[in-house]
Amino acid sequence: MSSNRKRKAEDDGDEMSVSPMSSPAIQNRQLSRPSKKIRSNEMAGRPLTLPRLLETLDAASLRMVLQKICERQPEIGEEVVKSAPKPSVPNALQVLEEYQQKMRAAFPYGDTSSDYTYYRVKAPLIALMDALADFTPQYLPPNETQANISLQYLDGATKVIHSLPEWESHNYRHHKENAYDEISRAWALVINEAAKRGGGFVLHSGGWDQILSKHNQQSGGRLGSAISAMAANVGWVGGGPSNAPQEQQQPQQHSILNELLSGNYGAPVRVGPW
């Protein structure tokens with residue numbers, strides 16, 4: 001009996017001797033402490049990394065940076081032109097609207113002389129004219145094959161030209177006069193191309209004859225080339241070329257042209273005795 005107790009006490013002592021708390025490995029790990037990271041007290045400036053730098057740039061700044069890179073490395077510019085999506089009509093008109101707003105903001109307050117006003121707005125006015133000259137060919141055939149897209153752009157661009165100032169001095173009127181001349185010839189080109197496809201169905205279905213007539217009225221009759229092109233094609237729009245003799249077609253075309261020039265083409269027909 002006493003020997004059993006003795007063995008049990010000895011066994012208990014053996015278990016305590018191998019307890020995890022008394023393990024040398026555990027004790028060593030408890031005593032070891034992580035080494036402190038040595039930091040230098042000296043501060044030094046450094047530029048932002050590329051991702052952080054790009055986060056600080058707005059759209060205008062990004063365009064400027066990209067343009068400078070493309071100018072220094074033309075091969076990158078060619079790749080950008082190939083990879084960039086085709087600008088939509090609303091996007092292009094939005095850019096023109098931004099130039100238009102800058103021009104309006106340049107107008108002086110109060111009554112001022114025509115000369116002073118012109119030179120105040122000359123720079124943004126020329127910038128708007130340059131933008132019109134650059135954007136318009138993008139939407140003309142053969143670069144743009146869909147007539148409806150071309151006509152939508154020309155409609156918006158013509159509205160921009162309407163808003164240009166009418167200067168009293170003939171020396172300053174050439175900007176608007178030239179703009180009307182360019183946009184009129186652009187209309188004529190698109191109308192002639194559209195008339196070759198599907199019997200000019202786009203011109204008729206979209207009511208572009210009436211839209212152009214209103215533009216011509218607002219311009220003071222300065223869209224002559226476009227009106228002539230529309231009059232030459234609108235007589236057979238939607239129904240194919242007429243089979244009537246040539247001498248019978250000419251009076252009809254002249255009649256349509258006169259109505260277009262007077263702004264009466266497409267006006268509702270009066271019915272009844274009144």
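In sorting lining residues by class, Ala, Val, Leu, Ile, Met, Phe, Trp, Tyr, Cys and Pro count as nonpolar, Asp, Glu, Lys and Arg as charged, and the others, Gly among them, as polar. The model is predicted, with local features needing pLDDT of at least 70 and side-chain atom pairs pLDDT 80 or more, while totals for chains, interfaces and linings use all residues. Residues are numbered from 1 along each chain as its sequence is written, and side-chain values use heavy atoms, without hydrogens or water.

**Second largest pocket**
- A pocket is an open set of points on a 1 Å grid over the protein atoms alone, where a 1.4 Å probe fits, with protein on both sides within 12 Å along at least five of seven lines, and its lining residues have an atom within 4 Å of a point.
- The second largest pocket holds about 310 Å³ of space, and its lining comprises eight nonpolar, four polar and two charged residues.
- Of its 14 lining residues, Leu 132, Ala 133, Asn 178, Ala 179 and Glu 182 lie nearest the centre.
- Helix H9 (174–195) and H7 each give two or more residues to this lining, and H9 provides the largest share, eight residues; helices are DSSP runs (H or I, at least four residues), numbered from the N terminus.

**Largest pocket**
- The largest pocket contains about 1200 Å³ of space, and among its 23 lining residues Arg 63, Ala 84, Pro 87, Val 95 and Phe 135 are the closest to its centre.
- Its lining divides into twelve nonpolar, five polar and six charged residues.

**Leu 53**
- Leu 53 is found in helix H3 and is partly exposed, with a relative accessible area of 40% (partly exposed lies between buried, under 20%, and exposed, over 50%, with a 1.4 Å probe and protein chains only).

Notes
Grid points are joined across faces, edges and corners, and a volume is the space filled by probe spheres set on the points.
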